[in-house]
Amino acid sequence: MELKDVIRDVKDFPKPGIVFKDITPLLLRPELFAYAVDRLADFTRQKETDVVLAAEARGYLFGSAVAYKLALPLVIVRKTGKLPHKKISHTYELEYGTDTLEIHEDAVRKGQRVMLVDDLLATGGTIQACARLVEKLGGVVAGCAFVIELSFLKGRERLEGYDVFRIIDFDSE
């Protein structure tokens, strides 16, 4: 069975007109979850990564597993007001409005190669904001790794100049 076969479509979630790609059936299959983590870890290893960054919230599932597998530090990016220590932020445009992400100011050191991991690449706004945070701290984006890409939303265009990897592609809703 392919990973794509276990991703569940949920219509009109989180709002009408959206078809949500639900990864929870993949998580219920340990062999498929392990396969996905292994693929992400292989890409991360090839990019000579120093640090894994996981995007809130589902990115934590895969980013933490990749960091553990490769014995690398894990950095988390959170929405505003969730991190307790000194932090920097980046505000970015959404389809309707803006959002802000934060990272601890001591999470990435100058010159460190950082792999950005998330479950899904849609419009690219979240991971682009993560890249901006890494670069503000002096880090280098080693690459961007996703389980799923919704290529019909053209999120890669926002990530031009970065090496983007995905396991599964959905080229239409």
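Trainee: Which residues is Tyr60 in contact with, leaving aside its neighbours within four places in sequence?
Mentor: Tyr60 is in contact with Ala54, Ala55, Ile76, Val77 and Arg78, where contact means heavy atoms within 4.5 Å. Keep in mind that this is a predicted model, in which local features need pLDDT of at least 70 and side-chain atom pairs count only at pLDDT 80 or more, while totals for chains, interfaces and linings use all residues. Residues are numbered from 1 along each chain as its sequence is written, and side-chain values use heavy atoms, with hydrogens and water left out.

Trainee: OK, and where is Tyr60 found?
Mentor: Tyr60 belongs to helix H4, and helices here are DSSP runs of H or I with at least four residues, whereas strands are runs of E with at least two, numbered from the N terminus. Its C-alpha lies 9.5 Å from that of Val75, a residue 15 places away in sequence.

Trainee: Why does Tyr60 count as partly exposed?
Mentor: Tyr60 counts as partly exposed because its relative accessibility is 22%; buried means under 20% relative accessible area, exposed means over 50%, and partly exposed is in between, using a 1.4 Å probe and protein chains only.

Trainee: What about Phe146, is that buried or exposed?
Mentor: Phe146 has 1% relative accessibility, so it counts as buried, and you will find it in strand S8. Beyond its neighbours within four places in sequence, Phe146 is in contact with a list of residues that includes Leu40, Asp118, Leu120, Ile127, Leu159, Val164 and Phe165.

Trainee: How many residues apart along the chain are Phe146 and Asp38?
Mentor: Phe146 and Asp38 are 108 residues apart along the chain, and their C-alpha atoms are separated by 12 Å. Across the protein, among contacts between residues at least 6 apart in sequence, 57% join residues at least 24 apart.

Trainee: Changing topic, which residues have the most contacts inside the largest nonpolar core?
Mentor: They are Leu26, Leu40, Phe62, Ile148 and Ile168, in a core of 28 residues; a nonpolar core is a set of buried Ala, Val, Leu, Ile, Met, Phe, Trp, Tyr and Cys residues joined through side-chain atoms within 4.5 Å. Helix H1 (3-6), helix H3 (30-46), helix H4 (59-70), S7, strand S8 (140-150) and strand S9 (164-170) each supply at least two residues of this core, and H3 gives the most to it, with six residues.

Trainee: And what does Ile148 touch?
Mentor: Not counting residues up to four places away in sequence, Ile148 touches Ile7, Lys21, Ile23, Asp119, Leu120, Leu121, Ile168 and Phe170.

Trainee: How many residues are in the second, separate core?
Mentor: The second core has 25 residues, including Leu101, Ala129, Val134 and Val164.

Trainee: Stepping back, how many helices and strands are there in the protein?
Mentor: The protein has five helices and nine strands, and read from the N terminus on, its elements run α-β-β-α-α-β-α-β-β-β-β-α-β-β.

Trainee: What radius of gyration does the protein have?
Mentor: The protein has 15 Å, which agrees with a compact globule, because with 173 residues such a globule would have a radius of gyration near 16 Å; the radius is taken over C-alpha atoms, and the globule rule is 2.2 Å times the number of residues to the power 0.38. Along its principal axes, the C-alpha trace spans about 40 × 35 × 30 Å, and 45% of the 173 residues count as buried.
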